[in-house]
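Subject: The structure I promised you

Hi,

Here is the structure we talked about.

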Amino acid sequence: MRALLYLTKRSFINRARKAVRKPVTYLYIALGIFYVVGILAAFASLAAAGGIAYKQGIVYVMTVWLYFIFCSNFLSYAKLKGVIFRPSHAHFIFTAPISSKLVLLHGAILNYTVSLVADFLFSVAAVTIFHVEPVRAILLFVFCFVFETAFETSLMVFLYSGEERFQGLIRLLRLLIYVLVGAVAAVVAWYLVRGGLNKESVLALFESPALRLLPVAGWEVSAVSLLVTGPDRWNVIGTVLFLLACAGMLLVARRIRCTGAYYEDAAKFADDYAELKRRNQKGESSVGFGKKKLKRASLAGWGTGAKAIFSRQLLEYKKERFFIFTGFTLVALIGAVVCIFFVGRPDEELPPDLLLMGIAIYMVFVGTGYMGKWGKELELPYIYLIPEPAAKKLWYATCTEHLKALVDAVIFCVPVGLAWGISIWKIASIILSYVVLQANRLYIKVLGDSLLGDTLGTTGKQFFLLGVQGGILGIGALASIPAAYLINANLLFLIVPIYSMIITVLIAALTVPRFECMEQWD
């Protein structure tokens with residue numbers, strides 16, 4: 001135990017010493033403080049707008065959080081991927097004479113940190129936004145952090161233990177986790193389908209006994225309700241069940257013998273996690289662990305010169321299981337289903353065409369940091385050796401990303417636009433604006449790399465991308481929204497695509513000279 005504590009302490013000290021020497025660290029601290037304050041301010045405005053700026057409101061907010069944590073964390077535990085290990089663990093810690101149970105708890109330290117920060121923010125929000133007494137907020141923090149952490153770590157130890165006599169029970173418990181997640185989805189879907197996606201049905205869902213008595217997450221919601229608003233029949237029952245579950249799991253975790261059988265899977269997971277981080281730092285898609293299974297593919301009619309870049313990318317995508325369709329495509333499909341069958345056509349107070357344009361622009365901003373295969377393309381030396389103009393190479397290198405953006409926009413905008421009664425030319429304008437602005441982020445990426453180099457690191461470059469793209473979108477909003485409201489709303493669907501194309505062409509023109517010398521940046 002002392003060795004693990006020493007390792008944790010020295011790792012923290014070394015990282016802190018390294019960080020304080022970098023000026024960008026202080027920028028990140030300032031941005032972090034600004035982000036936390038922004039979250040609390042957003043909580044306040046959303047609570048006031050939604051009419052839940054009172055004690056029960058923090059219960060609603062924490063209900064969403066607790067069920068999100070339950071579904072994500074418990075599913076990862078069921079797959080034995082809920083604890084982050086690194087290659088150094090496999091080489092030094094797994095081979096050391098340390099209890100495998102302590103190694104497991106040490107590996108889950110990131111989970112405790114996330115819970116600590118989240119529970120602290122919720123307690124502060126409870127006092128400052130939802131008018132909860134400070135004593136109750138302190139009890140809420142202590143109860144949630146202590147008991148939630150105790151239950152999660154105890155469950156984690158049991159699932160990872162590998163003891164032979166409990167293998168059947170462990171497999172059953174893993175199956176039950178999937179069943180419980182399915183039950184949560186069924187309860188939410190039943191309430192929303194029955195009452196529609198409106199304030200009344202959502203509040204009825206939050207106040208339903210079913211959501212408070214579902215095992216573990218529902219029981220903890222009951223405990224939160226008891227601490228914040230006082231006792232009633234359902235939250236007392238749920239709180240008692242939660243305390244019994246915590247005590248039972250803690251006793252089991254203390255008594256069970258951890259064999260260290262998880263070491264082999266953890267070592268493989270550590271390598272996969274290291275590769276996942278490497279892909280994340282480059283802005284590549286990183287859904288899933290391990291090596292991807294590729295299909296056999298061939299491509300007739302290979303292009304020559306700069307067109308060969310596009311041909312090679314297309315061949316790579318043909319090897320993928322889902323071709324050019326990515327997680328954004330799935331999000332677009334799910335979003336279309338939600339907008340059509342759950343949200344329905346908006347009221348006249350919020351014009352459907354303006355709302356759809358706003359959603360498309362927001363998705364551009366959210367996806368600014370994602371580069372796809374374009375992130376890898378910049379590292380390939382052969383692209384700079386092709387004897388073609390830089391503008392031509394830049395175009396063919398980004399063609400597949402433009403195609404993917406077009407597909408995603410069509411999948412979302414066309415069905416939603418038709419269901420909401422939006423005219424065809426407005427739908428086409430929204431799709432064009434989305435595709436052009438998505439292309440813009442690719443060119444901003446090159447400018448960011450050339451201007452910043454490695455000064456701010458990967459995170460700093462992502463902030464640069466968000467800042468530039470956000471500024472472009474903000475200027476566009478200032479130019480188009482007043483004209484739409486003061487003159488004619490249809491002007492918005494002319495101004496936005498034209499403005500987007502002008503800005504994108506300008507950014508691309510600035511990018512081409514930088515693209516010519518990218519090979520020498522390192």
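Let's start with helix 11, which is mostly covered: 11 of its 13 residues are buried. Keep in mind that this is a predicted model. To find helix 11, look at residues 217–229. From its first C-alpha to its last it reaches 18 Å, close to the 18 Å expected at 1.5 Å a residue.

Which residues of helix 11 are buried? They are Ala 217, Gly 218, Trp 219, Glu 220, Val 221, Ser 222, Ala 223, Val 224, Ser 225, Leu 227 and Val 228. And what covers them? The cover includes helix 3 (55–78), helix 7 (134–160), helix 10 (209–213) and helix 12 (233–255). Just after helix 11 comes Gly 230, with a positive phi of about 100°.

Now zoom in on Gln 56, which sits in helix 3. Is Gln 56 buried or exposed? Its relative accessible area is 15%, so Gln 56 counts as buried, the cut-off being under 20%. If you leave aside neighbours within four places in sequence, Gln 56 is in contact with Arg 212 and Thr 229.

Last stop: the surface. Trp 234, Val 236, Ile 237, Val 240, Leu 241 and Leu 244 make a nonpolar patch there of about 480 Å². One of them, Ile 237, lies in helix 12. With a relative accessible area of 38%, Ile 237 is partly exposed, because that term covers values between the 20% limit for buried and the 50% limit for exposed.

Cheers

How values were computed
Residues are numbered from 1 along each chain as its sequence is written. This is a predicted model: local features need pLDDT of at least 70, side-chain atom pairs count only at pLDDT 80 or more; totals for chains, interfaces and linings use all residues. Side-chain values use heavy atoms; hydrogens and water are left out. Helices (H or I, at least four residues) and strands (E, at least two) are DSSP runs, numbered from the N terminus. The expected span of a helix is 1.5 Å times one less than its number of residues. Buried means under 20% relative accessible area, exposed over 50%, partly exposed in between (1.4 Å probe, protein chains only). Contact means heavy atoms within 4.5 Å. Patches are made of residues with over 30% relative accessible area and no salt bridge: like charges are joined within 9 Å, nonpolar side chains (Val, Leu, Ile, Met, Phe, Trp, Tyr) within 5 Å. Accessible areas come from the Shrake-Rupley method with a 1.4 Å probe; for residues, only the protein chains shown count as cover. A salt bridge is a side-chain nitrogen of Lys or Arg within 4 Å of a carboxyl oxygen of Asp or Glu.
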